[in-house]
Amino acid sequence: MADQHPEGINMPEPTEIAETMAAISEKSQEMMQSFLKKQSEQSLDKDPDPMRIGQAFWEMSQRFWSDPEKAIKLQADLWQGYSALWQESADKFFSSQEKNKSERESSSVSKKKDRRFKDEAWEDNPFFNFIKQSYLLTADSIHKSVMDVEGLDETHALKVDFYTKQFLDALSPSNFVMTNPEILKATAESGGKNLLQGLENLIADLEKGRIKMTDEDAFTLGENIATSPGEVIFQNELMQLIQYAPTTEQVHTRPLMIIPPWINKFYILDLKEKNSFVKWAVEQGFTVFMISWINPNAELAEKSFEDYMINGSLAALDAIEEATGVKEVNAIGYCLGGTLLASTLAYMAEKKDKRIKSGTFFVTMTDFEEAGELRVFIDEEQMAVLEQRMTDQGYLDGSEMGTTFNMLRSNDLIWSFVVNNYMLGKTPFPFDLLYWNSDTTRMPAKMHSFYLRNMYLENKLAKPGAIELNGIPIDLGKVSVPTFMISAKEDHIAPWKSTYANTQHFSGQKEFVLAASGHIAGIINPPSAGKYSHWINKETPENPDQWLENAIEHPGSWWSHWADWAKNKSGKLVPARTPGSGKLKSIEPAPGSYVKVK
């Protein structure tokens with residue numbers, strides 16, 4: 001029987017604790033053997049610093065110490081901060097509970113903002129509060145010290161800033177057993193069984209090569225995720241085309257073609273019924289067609305960006321016309337799918353092809369001059385290493401892309417799971433968005449090299465005639481169809497001010513709308529959720545800050561505002577179309593088989 005301690009913690013019997021510790025020792029050896037085996041499988045001639053992080057920090061340190069006065073001031077500011085912290089900690093130790101009540105209440109605001117320190121002990125226990133405040137103070141000082149260094153090469157400055165934040169996030173006291181009160185309590189109450197289960201979770205993740213973010217057994221495509229009814233009516237080696245079943249008696253004449261990114265899978269737009277953009281768009285009376293990209297292997301290594309245009313967006317247009325008898329469509333492109341849509345529209349403008357009558361762009365960049373934190377991973381030296389790796393295997397593995405995106409939000413998408421899975425020994429909660437996030441895809445070597453070099457590295461898409469597709473130079477300035485651009489204010493992948501540049505490149509009627517939240521939550525925000533807000537300004541001045549200054553904030557989702565815009569460009573109502581009833585017959589039910597390839 002467990003002992004009841006005064007602090008309210010139920011302690012297991014000593015023999016039970018000893019058995020758990022022995023099991024932990026055994027599992028630790030198993031973990032080390034697994035780790036060493038994986039390390040031995042790695043190539044010995046691999047570049048030890050392919051991202052050239054060391055070079056960036058070397059330059060930073062040289063410039064930092066070249067200004068001793070600034071270094072001394074930073075050190076003095078840190079000691080001043082520590083003096084104030086010591087005083088505050090002393091007050092917490094020796095002052096009465098009533099006297100510090102208001103102070104705790106005011107500081108709880110910052111505690112709620114940082115989810116790493118959500119446990120009450122971080123605020124109420126003077127010892128853990130000091131650890132937390134000391135860490136935050138030191139981390140802020142270190143970050144300021146590297147940010148204040150002058151004269152750094154821009155590429156090196158980005159790397160120093162980004163990897164300093166990664167380093168500081170990793171050192172958070174919330175990530176260690178002995179300095180996290182929640183883990184200490186769980187360890188005491190379970191006799192260390194949480195750590196034993198955590199080791200088992202870690203060993204399983206080492207075998208898979210990634211952190212488990214959700215209960216992956218809780219979801220099955222077509223059963224409880226990606227369930228909107230429809231049929232695959234066309235396919236080629238790069239994509240399947242899904243036509244969704246109508247839920248209204250009448251639909252708009254002009255179909256809606258959606259081009260998702262192929263960095264991830266399309267069902268981000270069809271997760272659950274309550275947050276499915278596909279289901280909602282069908283309910284608005286649109287005949288929705290979705291491109292579902294293949295998850296490529298080495299056999300598709302030579303597929304290029306223009307192949308994705310010819311066998312993707314253009315092939316889909318042909319298939320939609322054959323399936324419905326309607327030549328003209330409205331199109332949506334999401335992220336990389338939006339970049340392809342813009343490129344396709346520019347190509348079609350040169351060919352006098354007017355089948356796409358409007359373009360909607362979800363968080364889409366076509367001008368990569370200010371590409372945000374992703375620029376940390378893209379420079380000439382890193383490209384050379386990446387291209388060699390892709391040449392060797394024929395593709396960029398999805399896990400590498402996933403790690404890159406997770407690092408942009410490391411506290412939420414890495415360290416929170418380290419604590420939950422490995423230290424608290426818990427199984428991640430079933431979450432549809434994180435299941436999709438873990439369902440990564442590969443990128444063909446030739447296509448991905450073209451995309452990174454010509455767009456991210458050299459920003460050619462924004463320059464008239466600098467990129468050729470299928471032998472034709474393209475110019476975004478010739479995109480004259482009406483365009484609707486929706487971006488997200490807190491987007492780290494496609495920063496909204498970068499996406500705003502589209503308003504200056506496209507020449508037709510255009511509207512830019514800004515959603516609250518980030519790259520995913522800002523887009524997947526159904527009206528029924530009543531969450532977030534969005535800003536509208538029908539004018540598109542050159543300066544994005546000027547646009548925002550004059551924009552009007554509206555509560556909730558932007559979906560209804562977009563639907564009103566799209567319906568005006570979709571023609572009269574006609575009898576609803578049943579998938580497979582036209583010239584193209586059903587191949588298989590939605591969501592199809594391509595999306596299920598791991």
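Biologist: Which residue forms a salt bridge with aspartate 412?

Modeller: A salt bridge is a side-chain nitrogen of Lys or Arg within 4 Å of a carboxyl oxygen of Asp or Glu. Aspartate 412 pairs in this way with arginine 409, and their closest N and O atoms are 3.1 Å apart. This is a predicted model, in which local features need pLDDT of at least 70 and side-chain atom pairs count only at pLDDT 80 or more, while totals for chains, interfaces and linings use all residues. Residues are numbered from 1 along each chain as its sequence is written, and side-chain values use heavy atoms, with hydrogens and water left out.

Biologist: Are aspartate 412 and arginine 409 buried, partly exposed or exposed?

Modeller: Buried means under 20% relative accessible area, exposed means over 50%, and partly exposed is in between (1.4 Å probe, protein chains only). Aspartate 412 has 27% relative accessibility and so counts as partly exposed. Arginine 409, with a relative accessible area of 41%, is also partly exposed. Of the 598 residues of the protein chain, 52% count as buried.

Biologist: How many salt bridges does a search of the whole structure find?

Modeller: The search finds 27. One of them joins lysine 279 to glutamate 283, with the closest N and O atoms 2.5 Å apart. Helices (H or I, at least four residues) and strands (E, at least two) are DSSP runs, numbered from the N terminus. Both lysine 279 and glutamate 283 lie in helix H10 (residues 277-283), four residues apart, about one turn of the helix. An α-helix has 3.6 residues a turn, so residues three or four places apart point the same way.

Biologist: Which residue forms a salt bridge with glutamate 380?

Modeller: Arginine 453 does, with the closest N and O atoms 2.7 Å apart. Glutamate 380 is in helix H13 (residues 380-393) and arginine 453 in helix H17 (residues 445-457), so this pair ties together parts that are 73 residues apart in sequence. Elsewhere, Asp114, Arg116 and Asp169 are linked in a network of salt bridges.

Biologist: How many residues are in the largest nonpolar core?

Modeller: A nonpolar core is a set of buried Ala, Val, Leu, Ile, Met, Phe, Trp, Tyr and Cys residues joined through side-chain atoms within 4.5 Å. The largest has 134 residues, and those with the most contacts inside it are Tyr267, Leu269, Phe277, Phe362 and Trp562. Helix H11 (residues 305-324) gives this core its largest share, ten residues. A second, separate core has seven residues, including Phe117 and Phe128.

Biologist: What is tryptophan 562 in contact with?

Modeller: Contact means heavy atoms within 4.5 Å. Leaving aside neighbours within four places in sequence, the partners of tryptophan 562 include Leu256, Phe277, Trp280 and Phe484.

Biologist: Which residues form a nonpolar patch on the surface?

Modeller: Phe167, Leu171 and Phe176 form one, with about 290 Å² of accessible area together. Patches are made of residues with over 30% relative accessible area and no salt bridge; like charges are joined within 9 Å, nonpolar side chains (Val, Leu, Ile, Met, Phe, Trp, Tyr) within 5 Å. Accessible areas come from the Shrake-Rupley method with a 1.4 Å probe, and for residues only the protein chains shown count as cover. Phenylalanine 167 is found in helix H7 (residues 154-170) and, at 47% relative accessibility, counts as partly exposed.

Biologist: How many helices and strands does the protein chain have?

Modeller: The secondary structure comes to 21 helices and 19 strands. Helix H9 (residues 193-208) is followed by glycine 209, whose phi is positive, near 80°.

How values were computed. Expected span 1.5 Å × (residues − 1).
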